[in-house]
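Thanks for coming, everyone. Please look at the structure on the screen, and I'll talk you through it.

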Amino acid sequence: MATQPRAWQRMLSGRRLDLLDPTPMDIEIEDIAHGLAFVARWNGQTHGDYAYSVAEHSLLVETLFARIAPGSGPKWRLAALLHDAPEYVIGDMISPVKAAVGPDYGHLDARLTAAIHIRFGLPAQLPAAIKKQIKRADRISAWMEATRIAGFSDAEANRFFGRPNPALMEGLDILLRPPVETRKAYTERYLALISAL
């Protein structure tokens, strides 16, 4: 008798997350922060002594989102911080790989996103206007990463990510630090936002 392939992952918290049917009860911020701090953006193809992690990227996106939508409040800033949270389990696939995998990747990401949102008091699906503003912040972050640590020229980054408003990036930089430091910063930012709700 054939057995079903395992479709769950054990987290360091002890939770078992079913990837095919994720439930909010099996999601912990410590697992997300830990996983994202150890997942490299750009498949690790960046300059520097440390990989640029999804957790670091998420912190930058949340900051950019707050500049784009200054009156958004902690609820939607939390949504920005968690925008790539499913990657703590499924990793960060670059866009060409997502395209090659096809729609199954999108379905898995959507299931995990909904469970994560519900776990932290957000709607399963974000309002379109908020989602659009987070996506704009995400693209600006990608432009900054591309030009500062991933070897893209400004012109090349403009073509792929759009030309960002320089005022939105003023005073911001790409931080490269040990994963444990990024994990701590991500967790602290989460706690600050959740306590402000």
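Start with aspartate 31. Aspartate 31 sits in helix H1, residues 29-37. Helices here are DSSP runs of H or I with at least four residues, strands are E runs of at least two, and both are numbered from the N terminus.

A word on the source. This is a predicted model, where local features need pLDDT of at least 70, side-chain atom pairs count only at pLDDT 80 or more, and totals for chains, interfaces and linings use all residues. Residues are numbered from 1 along each chain as its sequence is written, and side-chain values use heavy atoms, without hydrogens or water.

Back to aspartate 31. Is it buried or exposed? Aspartate 31 is buried, meaning under 20% relative accessible area with a 1.4 Å probe, protein chains only. Lys and Arg count as positive, Asp and Glu as negative; His and chain ends are not counted.

What does aspartate 31 contact, leaving aside neighbours within four places in sequence? Met11, Leu12, Ser13, Arg15 and Tyr88. Contact means heavy atoms within 4.5 Å.

Now the whole protein. It has 10 helices and two strands. From the N terminus, the order is β-β-α-α-α-α-α-α-α-α-α-α. The C-alpha trace spans about 60 × 40 × 35 Å along its principal axes. Of the 197 residues, 44% count as buried.

Terms used:
Buried means under 20% relative accessible area, exposed over 50%, partly exposed in between (1.4 Å probe, protein chains only). A salt bridge is a side-chain nitrogen of Lys or Arg within 4 Å of a carboxyl oxygen of Asp or Glu.
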